[in-house]
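Reader: I would like a close look at how charged side chains pair up in this model. Please go slowly, and then show me the surroundings too.

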Amino acid sequence: MEALIANARHHFHERLFETNTLTLTTAGVASNADTSSRGSKAISRRIVDILVDEQHHSVNTVDKISGQTLGKQFELLTMEFLQETFPNLQNLRPGKWSILQLGNNNRLKTSDFEQYEHLSYLAALTAENAQLAAALGNDYLVAPDVVIYRDLYEDEEINVSQYIVDDSTSKMADIRKANGGKPLLHASVSAKYTMRSDRAQNSRTEALNLIRNRKGHLPHIVVVTAEPMPNRLASLALGTGDIDCVYHFALYELLRAVQEVGSEDAAETLQTLVQGKRLKDISDLPLDLTV
């Protein structure tokens, strides 16, 4: 019997192949490779071969899919993986959880969460006042790819085991629905299929905005990627203070691929990231989100 997360990881890879997110061109180049980099093409192709051989997936040959389409599909599949795993960890992190891809749900914005409610007021002010917009900028408006948020509790639910709250205290506690707040953002997940330098910095900017502009509890801030090149992963994963951690869609396969077809420098960089706990496998993410 396969464990829940192992099964979800296998299904995640299966869905990448089924949806033509992870494909090969007629020339044998993987869709997550940088076509101008020999190393990127070699490592990404080896990852595909390992997944096909060991997990019995089949890979389609597709000549060209736009990067934007691949990015959106990767966001959707990342969301599905989290929906398949995180809500099942109630014994570690109980709660009423919702997991959404914001890109496909325009009704929901960052300002719809308790910690960032004030941003909608700022956005309205700057929309009406050009001078204020010039002074403040608009970089406080954050749009994560995938979010996990927690619904609030009725007093009856809080008091189910013993009488914990009444009308005289806890009048501003965020988790209490009676106080009229909004759902609590638990995690912001930036899903980046590949990681060119500009995209890496976008993730960092999103993270810093979430840190600077919050009121109250800071959500988990993570990045999920299928980038094959260790030096590009390092451009985002190295250092602390903004992103909790970077999670790779197939870290075990990446480690093996770099060992087999990558350079010595690439292998060394990857080991630094892994040993420093700055790069983990996607299977680590659901459990890390229970912290």
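Author: Happy to. A salt bridge here means a side-chain nitrogen of Lys or Arg within 4 Å of a carboxyl oxygen of Asp or Glu. The model is predicted, so local features are reported only at pLDDT of at least 70 and side-chain atom pairs only at 80 or more, while totals for chains, interfaces and linings use all residues. Residues are numbered from 1 along each chain as its sequence is written, and side-chain values use heavy atoms, with hydrogens and water left out.

As background, side chains of opposite charge can pair when their charged atoms come close. By the cut-off above, the structure holds 16 salt bridges. One of them joins Lys280 to Asp288, with 2.9 Å between the closest N and O atoms. Lys280 has a relative accessible area of 21%, so this residue is partly exposed (buried means under 20%, exposed over 50% and partly exposed in between, with a 1.4 Å probe and protein chains only).

Another pair is Arg9 and Glu253, whose closest N and O atoms are 2.7 Å apart. Helices here are DSSP runs of H or I with at least four residues and strands are runs of E with at least two, both numbered from the N terminus. Arg9 is buried, because its relative accessible area is 8%. Glu253 is buried as well, at 5%.

Lys177 and Glu154 also meet through their side chains, in a salt bridge of 3.8 Å from N to O. Lys177 lies in the loop between helix 6 (155-158) and strand 3, and Glu154 in the loop between strand 2 and helix 6, so the pair ties together parts 23 residues apart in sequence. Lys177 is partly exposed, with a relative accessible area of 44%, and Glu154 is partly exposed at 36%. Beyond these pairs, Arg46, Glu54, Arg256 and Glu260 are linked in a network of salt bridges.

Six of them form an open sheet of mixed pairing, in the order 1-2-3-4-5-6; two strands count as paired if DSSP finds at least two bridges between them. Strand 1 (97-101) and strand 6 (279-281) are the edge strands, each pairing on one side only. Direction ignored, neighbouring strands of this sheet are turned by 25° against each other on average. Strand 2 (residues 146-150) and strand 3 (residues 184-192) are antiparallel and share five bridges. Along this pairing, Val147 stands opposite Ser188, and Val146 has Val189 as its bridge partner. Strand 3 and strand 4 (residues 220-225) run parallel and are joined by six bridges, with Ser190 opposite Val223. Strand 3 is mostly covered, nine of its nine residues being buried.

Helix packing comes next. In general, two packed helices are described by the angle between their axes and the distance between the axes. The axes are lines fitted to C-alpha atoms, for helices over the stretch in contact, and the angles run from 0 to 180 degrees between N-to-C directions. Helix 1 passes helix 2 in a left-handed crossing, meaning that the near helix is turned anticlockwise from the far one by less than a right angle, whereas clockwise would be right-handed.

Helix 8 (residues 230-237) has Pro230, Leu233, Ala234, Leu236 and Ala237 as its buried residues. They lie on the same side of helix 8 because they cover an arc of only 165° around the axis, taken from the directions from the helix axis to the C-beta atoms. Just after helix 8, Gly239 takes a positive phi of about 90°. Helix 8 and helix 10 (residues 264-275) pack at an angle of about 30°, their axes being 9 Å apart. That makes helix 8 roughly parallel to helix 10.

Notes
Parallel < 35°, antiparallel > 145°, perpendicular 65-115°, else oblique.
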